[in-house]
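I opened the model today to look up a handful of points. My notes follow the order in which I checked them.

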There are 2 protein chains.
Amino acid sequence: MLRTHTCGELRLSDVEKEQEIILCGWVRRIRDKGKLLWIDLRDRYGITQLFLEEDSTDPKLLELVREKMGRECVIKATGKLIERTSKNLDIPTGEVELKVTSLEILNGSKTPPFLVEDDTDGGDELRMKYRYLDLRRPKLQNNMMLRHKMAQAMRRYLDTKDFMEIETPFLIKSTPEGARDFVVPSRMHPGEFYALPQSPQTFKQILMLGGYDKYFQIVRCFRDEDLRADRQPEFTQIDCEMSFVSQEDILNNFEGLLKYLFKELKGINIENDFPRMTYDEAMKTYGNDKPDIRFGMKFKEMNAVTKGRDFKVFDDAELVVGIKADDCAGYSRKQLDALTKFVKKPQIGATGLIYLKCNADGTLKSSVDKFFNEEDLKKWAELFDAKAGDLILVLAGNADKTRKAMSELRLEMGNQLDLRKADDYKPLWVLDFPLLEWGEEENRWFAMHHPFTSPKKEDLEKLNSNPADVRADAYDLVLNGVEVGGGSIRIYDRPLQEKMLSFLGFSDEEAKAQFGFLMDAFEYGAPPHGGIALGFDRLCALFGGEQSIRDFIAFPKNNAGKDLMIDAPAKIDEKQLDELEIKVDLKAKV
Amino acid sequence: MLRTHTCGELRLSDVEKEQEIILCGWVRRIRDKGKLLWIDLRDRYGITQLFLEEDSTDPKLLELVREKMGRECVIKATGKLIERTSKNLDIPTGEVELKVTSLEILNGSKTPPFLVEDDTDGGDELRMKYRYLDLRRPKLQNNMMLRHKMAQAMRRYLDTKDFMEIETPFLIKSTPEGARDFVVPSRMHPGEFYALPQSPQTFKQILMLGGYDKYFQIVRCFRDEDLRADRQPEFTQIDCEMSFVSQEDILNNFEGLLKYLFKELKGINIENDFPRMTYDEAMKTYGNDKPDIRFGMKFKEMNAVTKGRDFKVFDDAELVVGIKADDCAGYSRKQLDALTKFVKKPQIGATGLIYLKCNADGTLKSSVDKFFNEEDLKKWAELFDAKAGDLILVLAGNADKTRKAMSELRLEMGNQLDLRKADDYKPLWVLDFPLLEWGEEENRWFAMHHPFTSPKKEDLEKLNSNPADVRADAYDLVLNGVEVGGGSIRIYDRPLQEKMLSFLGFSDEEAKAQFGFLMDAFEYGAPPHGGIALGFDRLCALFGGEQSIRDFIAFPKNNAGKDLMIDAPAKIDEKQLDELEIKVDLKAKV
């Protein structure tokens with residue numbers, strides 16, 4: 001190695017060893033006080049201070065620093081470790097410095113376009129273009145280290161539980177169900193295409209049929225969807241499957257994994273079982289299938305206590321629902337107006353917000369005093385078990401939409417009251433998802449999870465009579481209001497799989513062409529099986545205490561699916577198109 | 001779990017525990033002796049024998065087995081563990097059997113199209129089509145387990161050496177240098193394409209520039225090449241890169257990794273350093289840049305001892321070269337004819353084979369006695385230090401072609417003499433590869449490794465005067481005649497990289513469009529760095545003692561790049577093509 005130590009490891013106890021020390025790294029900054037000169041040298045392990053002084057250092061070295069060296073230069077420094085006179089106890093190397101005897105610039109640097117520090121002045125696009133500089137920021141280096149450690153810990157845990165990591169192919173076949181595939185034209189078979197996997201779903205099922213029992217893979221997946229904020233066209237999944245198990249076994253196994261990760265990476269011991277909630281309960285109580293249970297503010301349905309007072313908004317509403325914000329009766333007119341404005345945003349879609357203040361003096365004051373007398377309002381307060389000082393916020397309208405809007409309002413109140421702390425981890429299982437959801441646009445049923453999910457045995461008979469009510473053996477793992485994973489028990493016999501596909505609008509021919517191999521396979525000894533997939537990018541972000549996944553991916557794409565550093569996607573040679581026997585066929589832009 | 005134990009774990013000591021045992025697995029075979037009936041139950045952990053007898057077992061169970069159960073059925077068996085009367089000490093569970101009290105068929109099976117045993121009667125294509133059955137064979141399960149363990153061990157080793165695993169993107173940009181890319185049309189940017197990476201080369205270099213120091217990734221790579229036997233369009237690479245290192249550091253690190261793997265997976269302690277050989281020496285001594293050094297038979301150049309005897313074949317030859325096969329003077333006419341036929345095969349391309357037998361009685365007998373007298377032949381024998389009983393085989397002609405042919409002959413002799421044992425592991429470093437190789441067809445220089453490989457400093461000046469003689473800081477790791485890895489020290493400054501690309505025929509514009517981001521990055525503090533990539537599929541096959549990589553990949557493609565199980569590639573919907581704004585444009589087949 002060109003160095004004897006990293007910039008993160010030297011301590012006061014190394015001083016007395018009196019060895020020659022060589023460090024390599026990047027110049028973070030230079031402080032030149034005339035007779036004395038210091039350089040902060042940085043690598044991924046830390047920062048060590050270099051020291052030069054006019055009286056005792058070779059003047060050529062000082063000249064080199066002053067004339068050739070700038071921020072982000074790569075240098076090699078040789079010297080002797082000494083104790084610092086003014087110590088910096090904020091960093092582990094802060095008690096020592098390297099008295100430089102020799103110095104070499106390994107490579108120069110132009111002035112970086114933004115600060116290579118945790119608090120940078122670079123915008124998102126600039127940081128993506130110069131990703132190598134962005135990746136030098138200690139914060140990103142910590143994120144990448146967290147990601148590395150998390151992957152290692154997962155593999156360790158799953159290995160000790162007899163899971164085998166098995167690699168599944170990336171060049172597979174396009175399937176019409178689910179999100180849009182990225183496709184790959186085949187040169188050897190012109191006119192035909194591979195597709196990149198949205199997940200290794202069918203392959204992991206085939207592995208169960210192959211007897212592998214307990215499979216996992218930390219694997220890249222691809223979805224060609226219009227990108228919303230914080231979605232990436234390629235993302236990483238911890239993909240798992242088990243045979244000869246019930247749902248309970250899967251929940252226990254992966255609850256164990258999460259507990260292990262919390263302990264290994266965050267030092268957090270979660271003793272209790274993760275709470276569980278049915279989908280129906282989650283929707284009724286939080287208006288959301290991934291409730292953030294770091295705070296309460298559970299929904300109360302208020303139709304019974306609001307009916308018959310000639311307030312049309314409530315009387316006509318399918319649902320009147322409220323939440324209670326503790327100690328918020330002091331909210332000002334302005335604050336309440338802002339909340340009203342918030343719920344009326346098009347993406348939230350409520351028509352208005354009604355409130356009830358349980359004032360500190362015991363009086364009740366609502367925004368609908370015209371329709372409801374004190375007696376009425378008291379009933380509201382009682383429903384919520386409200387105390388003096390609390391605020392009740394009420395929405396009304398179509399049940400689904402109102403729940404959705406109230407869920408947003410609840411989360412907003414959680415933010416305003418600082419009830420959603422990044423380092424407060426509250427995992428939750430949501431169970432018994434519906435098997436199907438109705439696609440308004442397409443006018444047909446869709447699989448809520450995917451077409452391989454098993455309906456609950458006891459609900460099977462409802463598949464024809466009342467499809468909306470059929471529940472699936474499907475579950476989600478939710479952490480702090482974020483869905484970090486989901487899975488199901490799978491169908492493993494041909495007739496049920498055929499029925500399911502036909503229900504989803506596949507013709508016999510289509511079903512055979514797409515999933516014939518899987519249904520054929522079911523006829524050669526398929527074991528009962530099920531699994532789960534966790535979103536690795538999102539889990540890293542949550543463990544890192546941040547919302548955005550971008551800074552936990554080394555080379556993310558922007559919202560237009562572009563890699564700004566390498567400038568991809570890009571045009572390719574005519575020769576390549578010709579070999580693939582395809583043509584670009586651009587539509588006229590209107 | 002549906003089971004209390006796996007089929008691989010029950011032992012004699014479990015009998016006295018007298019617990020109720022439940023096993024799940026696949027029916028391997030049923031032996032029905034009338035009053036007594038046995039079932040071999042298989043899962044990935046092993047085989048356990050189930051036992052039923054007419055006198056004491058519920059008759060319904062015997063009926064179930066006889067009427068409904070066949071090979072590869074999935075069943076659940078409950079019972080009591082007993083000691084076997086006739087033990088099978090070949091398997092760890094062979095001293096016990098499960099006396100069945102209850103039996104359930106979890107799923108039936110049609111008769112499999114081939115035997116699900118280590119020795120199967122299924123052909124390659126059939127086994128790929130029914131890969132789930134093939135994957136049930138214990139041999140393949142062992143291969144997959146070896147692969148899983150190898151990956152785990154690699155990660156463990158690299159993690160303890162401070163390497164970080166960092167994921168690089170799969171949707172990147174097509175580059176003209178090297179093999180052909182698979183491309184992915186972009187829907188969001190019609191007319192533009194992503195490419196799948198042939199390796200994460202530039203990204204790992206960018207990571208070094210980002211300060212990551214020691215990077216690795218076990219990662220899928222893609223090459224759209226015409227498939228030769230045992231090449232796959234997607235393959236897995238252990239990709240590594242280090243900063244602030246010399247070539248020596250890289251060799252040491254990965255020699256350490258290989259030693260660790262040998263110890264962990266094979267129980268083999270390799271104490272000595274791996275031998276090293278220059279490319280020139282390898283070519284001169286073995287005619288091959290990946291010599292199999294499990295056996296000797298080194299080349300001897302014979303021009304000096306064969307010249308001037310009016311034997312035109314030798315006199316006109318650029319190179320006369322021989323190998324000595326110990327104790328093979330007894331080779332029959334027929335055997336020698338077969339060898340001659342072997343070297344004359346078009347893919348080997350020699351024009352003939354000359355031999356010298358050093359007979360047991362001390363006489364010398366060659367196939368060119370007409371031209372060479374005993375004195376001459378004695379000189380040949382002396383050159384090889386041949387003893388009575390040895391056989392010398394000689395080829396002559398153009399130097400490159402003759403070396404290549406002799407290398408093939410040497411390997412063939414190694415096979416015939418059983419000198420290439422699968423469990424004899426002989427690693428080797430080949431160093432100092434040429435920087436460039438001449439492309440006859442294209443009439444230009446190509447990078448032998450890739451365009452980012454650093455020329456040796458001392459050879460730099462020859463780049464213009466004598467490019468063929470410029471050596472690179474490039475190295476290969478060879479194991480038993482197979483290249484399992486290769487790497488180099490990289491260029492890390494802009495002017496040299498520009499010069500290199502221009503030498504390889506890139507215009508300034510092309511260089512900028514393709515690798516501008518990397519050269520720009522070199523200007524912001526690039527550390528010296530280098531790396532290596534190991535072929536994971538091949539390493540698994542070698543550790544498994546086999547030649548073919550196919551049985552070490554869960555879902556390989558056939559030689560036409562097809563996945564026969566899922567039938568990929570395949571046609572896609574017009575709607576998909578339309579959204580991508582591309583058209584299939586098939587050439588008329590001639």
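This is a predicted model: local features need pLDDT of at least 70, side-chain atom pairs count only at pLDDT 80 or more; totals for chains, interfaces and linings use all residues.

**Entry 1**

I then turned to the contact between the chains. How many residues of chain A are in contact with chain B? I found 128 residues of chain A in contact with 128 residues of chain B. The size of an interface is often given as the accessible area lost when the parts come together. Chain A and chain B bury about 11,700 Å² between them. Carbon and sulfur atoms carry 58% of that area. On the chain A side, A:Glu167, A:Phe244 and A:Tyr524 lose the most area to chain B. Together these three make up 7% of what that side buries.

I also looked up the charged pairs across the interface. The count between chain A and chain B is 20 salt bridges. I wrote down one between A:Glu523 and B:Lys110, whose side chains meet at 3.3 Å, N to O.

**Entry 2: the annotated binding site**

Which residues does UniProt mark as "binding site"? The unreviewed entry places this feature at A:Glu177, A:Arg223, A:His449 and A:Arg490. I checked two of these residues in the model.

I took A:Glu177 to begin with. A:Glu177 lies in the loop between strand S6 (164-165) and strand S7 (183-185) of chain A. Is A:Glu177 buried or exposed? A:Glu177 counts as buried because its relative accessibility is 11%, and the cut-off for buried is under 20%. I then listed its contacts, leaving aside neighbours within four places in sequence. A:Glu177 is in contact with A:Arg444, A:Phe446, A:Ala447, A:Pro451, A:Leu504 and A:Phe506.

Next came A:His449. A:His449 sits in the loop between strand S19 (444-447) and helix H13 (462-465) of chain A. With a relative accessible area of 32%, A:His449 is partly exposed. Not counting residues up to four places away in sequence, A:His449 touches A:Gly486, A:Gly487, A:Ser488 and A:Arg490. A:Arg490 is itself one of the positions in the UniProt feature.

**Entry 3: helix H10 of chain A**

I looked up H10 (residues 333-344) of chain A, which has twelve residues. Helix H10 of chain A reaches 16 Å from its first C-alpha to its last, close to the 16 Å expected. Which residues of H10(A) are buried? I found A:Leu336, A:Leu339, A:Thr340, A:Phe342 and A:Val343. They cover an arc of only 160 degrees around the axis, so they lie on the same side of H10(A). An α-helix has 3.6 residues a turn, so residues three or four places apart point the same way. On the other side of H10(A), I noted A:Arg333, A:Lys334 and A:Lys341 as exposed. The buried residues pack against strand S14 (354-358), strand S16 (391-397) and helix H12 (399-416) of chain A.

**Entry 4: salt bridges**

Side chains of opposite charge can pair when their charged atoms come close. Over all chains, the structure holds 121 salt bridges. I picked out a few.

A:Arg550 forms a salt bridge with A:Asp124, with the closest N and O atoms 3.7 Å apart. This pair links distant parts of the chain, 426 residues apart. A:Arg550 is in the loop between helix H16 (536-543) and helix H17 (574-580) of chain A, while A:Asp124 is in helix H2 (residues 124-129) of chain A. A:Arg550 counts as buried at 14% relative accessibility. A:Asp124 is partly exposed at 44%.

A:Arg137 and A:Asp134 also meet in a salt bridge, at 2.7 Å, N to O. A:Arg137 is buried, with a relative accessible area of 3%. A:Asp134 is buried too, at 0% relative accessibility.

Which network do these residues belong to? A:Asp124, A:Arg127, A:Arg131, A:Asp134, A:Arg137, A:Arg550 and A:Asp551 are linked in a network of salt bridges.

B:Glu225 is in the loop between S9 and S10 of chain B, and B:Arg180 is in the loop between strand S6 (164-165) and strand S7 (183-185) of chain B, so the pair ties together parts 45 residues apart in sequence. B:Glu225 counts as partly exposed at 25% relative accessibility, and B:Arg180 counts as partly exposed at 24%.

Terms used:
Residues are numbered from 1 along each chain as its sequence is written. Chains are lettered from A and ligands numbered from 1 in the order in which they are written. Side-chain values use heavy atoms; hydrogens and water are left out. Helices (H or I, at least four residues) and strands (E, at least two) are DSSP runs, numbered from the N terminus. The expected span of a helix is 1.5 Å times one less than its number of residues. Buried means under 20% relative accessible area, exposed over 50%, partly exposed in between (1.4 Å probe, protein chains only). The arc is that of the directions from the helix axis to the C-beta atoms. Contact means heavy atoms within 4.5 Å. UniProt positions are given in the numbering used here, feature names are shortened, and annotations may be inferred rather than shown by experiment. Buried area is the accessible area (1.4 Å probe) that two parts lose on being put together, summed over both. A salt bridge is a side-chain nitrogen of Lys or Arg within 4 Å of a carboxyl oxygen of Asp or Glu.
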